[in-house]
Amino acid sequence: MSIREILKMGDRRLLRVAEPVREFGTAAMDALIADMFDTMHDADGAGLAAPQIGVNLQLVIFGFKQNTRYPDAPQVPETVLINPVLTPLSDEKESAFEGCLSVPGLRGSVPRFTRLRYQGVDQFGNAIDREVEGFHARVVQHEVDHLLGILYPMRIEDFGSFGFTSVMFPDLDPNDDD
Ligand code: NI
């Protein structure tokens, strides 16, 4: 297991559409997922998508009990989600601030669907089918966007809400520039 380099915005590899995962339960997949959790935990991220470490597969991880980057967020179950399909459960969207480990030091307000169904499989090929809302739904939409080559700044509608974390949220850990 090891901590992998997280690609930063501007790297063209973040703009690719990811390929579906076709093999499950392999040693290579186990190692990749272990590296992704090590990398996400090291960066105190709420989620991480495989393309962020240069692996162009439809694989995301997310979840935490408490997160210093999002101290007010409710806990989200630790999840490995492969080949995801998202279905909004209503047209309602809400805007809230997001950051991204590939866009360090910045936050922006992004509209996302409030309620959502997501389906896919875990690392063993077992089906996942959940209906979620709020921050959980936001995290899933953010991570799955990475599989489509979309970074959250591309979703910002009000650029007056886009800026440096240290300026807009000075109470967050000053050593955390993500
Ligand atoms: Ni991200």
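This is a predicted model: local features need pLDDT of at least 70, side-chain atom pairs count only at pLDDT 80 or more; totals for chains, interfaces and linings use all residues.

**Stop 1: the metal.** Select the nickel ion. Which residues coordinate the nickel ion? You'll find Cys 100 through its SG, plus His 142 and His 146, each through NE2, at 2.1 to 2.3 Å. Read along the chain, these donors are spaced as C-x41-H-x3-H. Now colour by secondary structure: Cys 100 sits in the loop between β4 (93–98) and β5 (106–113), while His 146 belongs to helix α2 (residues 134–146), so this pair ties together parts that are 46 residues apart in sequence.

**Stop 2: the surface.** Buried or exposed? Both Cys 100 and His 146 are buried.

Stop 3: Rolling a probe the size of a water molecule over the atoms shows where empty space is left. Searching the whole structure turns up one cavity of 30 Å³ or more, and the largest cavity has a volume of about 150 Å³. Select Ala 46, Tyr 70, Gly 99, His 142 and Glu 143: of the 16 lining residues, these lie nearest the cavity's centre. Two elements, β4 and α2, each give two or more residues to that lining. Helix α2 supplies the largest share, six residues.

**Last stop: the lining by class.** Colour the lining by residue class, and you get seven nonpolar, five polar and four charged residues.

Methods. Residues are numbered from 1 along each chain as its sequence is written. Side-chain values use heavy atoms; hydrogens and water are left out. Donors are N, O and S atoms within 2.8 Å of the metal (3.2 Å for Na, K and Ca); water is not among the atoms, so sites may look incomplete. Helices (H or I, at least four residues) and strands (E, at least two) are DSSP runs, numbered from the N terminus. Buried means under 20% relative accessible area, exposed over 50%, partly exposed in between (1.4 Å probe, protein chains only). On a 1 Å grid over the protein atoms alone, a cavity is a set of points where a 1.4 Å probe fits but cannot get out, and a pocket is an open set with protein on both sides within 12 Å along at least five of seven lines; lining residues have an atom within 4 Å of a point. Grid points are joined across faces, edges and corners, and a volume is the space filled by probe spheres set on the points. Ala, Val, Leu, Ile, Met, Phe, Trp, Tyr, Cys and Pro count as nonpolar, Asp, Glu, Lys and Arg as charged, and the others, Gly among them, as polar.
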